[in-house]
Amino acid sequence: MLRPSLSTFAVLCLAASLGACASSRLDAPRTRAPQVGLEAVPAVPSGTVTAAPLAPPPGVAASPDASLPPPGPQAALSPATPTVIAEPVTPPAPPPPVVATGRAAVVGSWDARDATGANCKVTLSSAPALDLYKASASACPNKDLAKVSAWDFRDGEVYLYQPGGTVAARLRQGGGGGGLEGALTKSGAALALNR
């Protein structure tokens with residue numbers, strides 16, 4: 001006759017007891033505990049609120065103003081204590097406006113004028129385009145300037161690039177500080193950008 005091992009016997013006993021527990025739990029009706037309703041809580045009356053100046057911090061001499069009551073229990077909150085209203089404080093002066101320099105100073109739309117006097121719009125964007133920044137030109141009669149698609153700011157100069165990386169123009173801030181002056185690279189003709 002075969003003899004079951006002790007581990008087999010233990011597994012069978014465990015399975016039988018789990019089956020019995022599971023079936024008795026599943027067959028029992030589920031009931032939910034009744035919820036206790038919240039009773040209305042009566043409002044608690046509060047005392048009167050009044051204002052009075054605070055006593056100075058420990059170690060600080062009291063104000064020489066005799067109209068104020070001395071600190072202590074007699075100066076506690078009472079309706080007869082006058083309320084002191086401080087003079088309005090003047091806000092500090094605003095900081096000076098931030099003047100953009102370098103690359104940030106040239107971002108935006110520019111009116112371009114070449115040596116022939118022809119005008120067009122050149123926009124220098126802050127959106128990156130690989131190692132450079134995006135640029136665009138509209139209604140430019142000069143073919144080299146019309147192809148501008150990127151720009152960069154290096155060593156105080158603005159470089160305008162055509163697709164493929166060809167430098168179309170180099171410009172530097174003009175004497176008045178508001179515009180850029182330079183030349184087209186191929187022809188060497190003068191070019192100015194103004195706001």
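User: Let's start with β3 and β4. How many bridges join them, and do they run parallel or antiparallel?

Analyst: 2 bridges join β3 to β4, and the two strands run antiparallel. Keep in mind that this is a predicted model.

User: Which residue in β4 is the bridge partner of tyrosine 133?

Analyst: Tryptophan 151 is the bridge partner of tyrosine 133.

User: What about β2 and β3, how many bridges there?

Analyst: β2 pairs with β3 over 6 bridges, in the antiparallel sense. Strand β3 covers residues 132-138.

User: Which residue stands opposite leucine 124?

Analyst: Alanine 135, in β3.

User: And the hairpin of β2 and β3, how many residues between the strands?

Analyst: There are 2 residues between the strands. Leucine 130 takes a positive phi near 60° in that hairpin.

User: How many bridges join β6 to β7?

Analyst: 5 bridges, with the strands antiparallel. Strand β7 spans residues 180-184. In β7, leucine 184 is the bridge partner of alanine 169.

User: Switching to charges. How many salt bridges does the count come to?

Analyst: The count comes to 5 salt bridges.

User: What does lysine 121 form a salt bridge with?

Analyst: Aspartate 111, with the closest N and O atoms 2.7 Å apart. Lysine 121 lies in strand β2 (residues 119-129) and aspartate 111 in strand β1 (residues 108-114), so this pair ties together parts 10 residues apart in sequence.

User: How accessible is lysine 121? And aspartate 111?

Analyst: Lysine 121 is partly exposed, at 38% relative accessible area. Aspartate 111 is also partly exposed, at 34%.

User: Which residue does arginine 170 meet in a salt bridge?

Analyst: Glutamate 157, at 2.7 Å from N to O. Arginine 170 sits in strand β6 (residues 167-173) and glutamate 157 in strand β5 (residues 157-161), so the pair links parts that are 13 residues apart in sequence.

User: Is glutamate 157 buried or exposed?

Analyst: Glutamate 157 is buried, with a relative accessible area of 13%. Arginine 170 is partly exposed, at 41%.

User: Which residues are linked with Glu157 in a network of salt bridges?

Analyst: Arg170 and Arg172 are linked with Glu157 in that network.

User: Back to β4. Where is aspartate 152 found?

Analyst: Aspartate 152 is in strand β4, which runs over residues 150-154.

User: Why does aspartate 152 count as buried?

Analyst: Because its relative accessible area is 8%, and buried means under 20%.

User: Which residues does aspartate 152 touch?

Analyst: Leaving out residues up to four places away in sequence, aspartate 152 touches Arg103, Leu132, Tyr133, Glu157, Val158, Tyr159 and Tyr161. Two of those names came up earlier. Tyr133 is the bridge partner of tryptophan 151, and Glu157 belongs to the salt-bridge network.

User: What about a salt bridge for aspartate 152? Which side chain does it meet?

Analyst: The side chain of arginine 154, at 4.0 Å from N to O. Arginine 154 is partly exposed, with 35% relative accessibility.

User: What do side chains do along a regular strand?

Analyst: In a regular strand, side chains alternate between the two faces of the sheet.

How values were computed
Residues numbered from 1 in each chain as written. Predicted model: local features only at pLDDT ≥ 70, side-chain atom pairs only at ≥ 80, totals over all residues. Heavy atoms only, no water. Helix = DSSP H or I, 4+ residues; strand = E, 2+ residues; numbered from the N terminus. Buried < 20%, exposed > 50% of the residue type's maximum accessible area, 1.4 Å probe, protein only. Contact = heavy atoms within 4.5 Å. Pairing = 2+ DSSP bridges.
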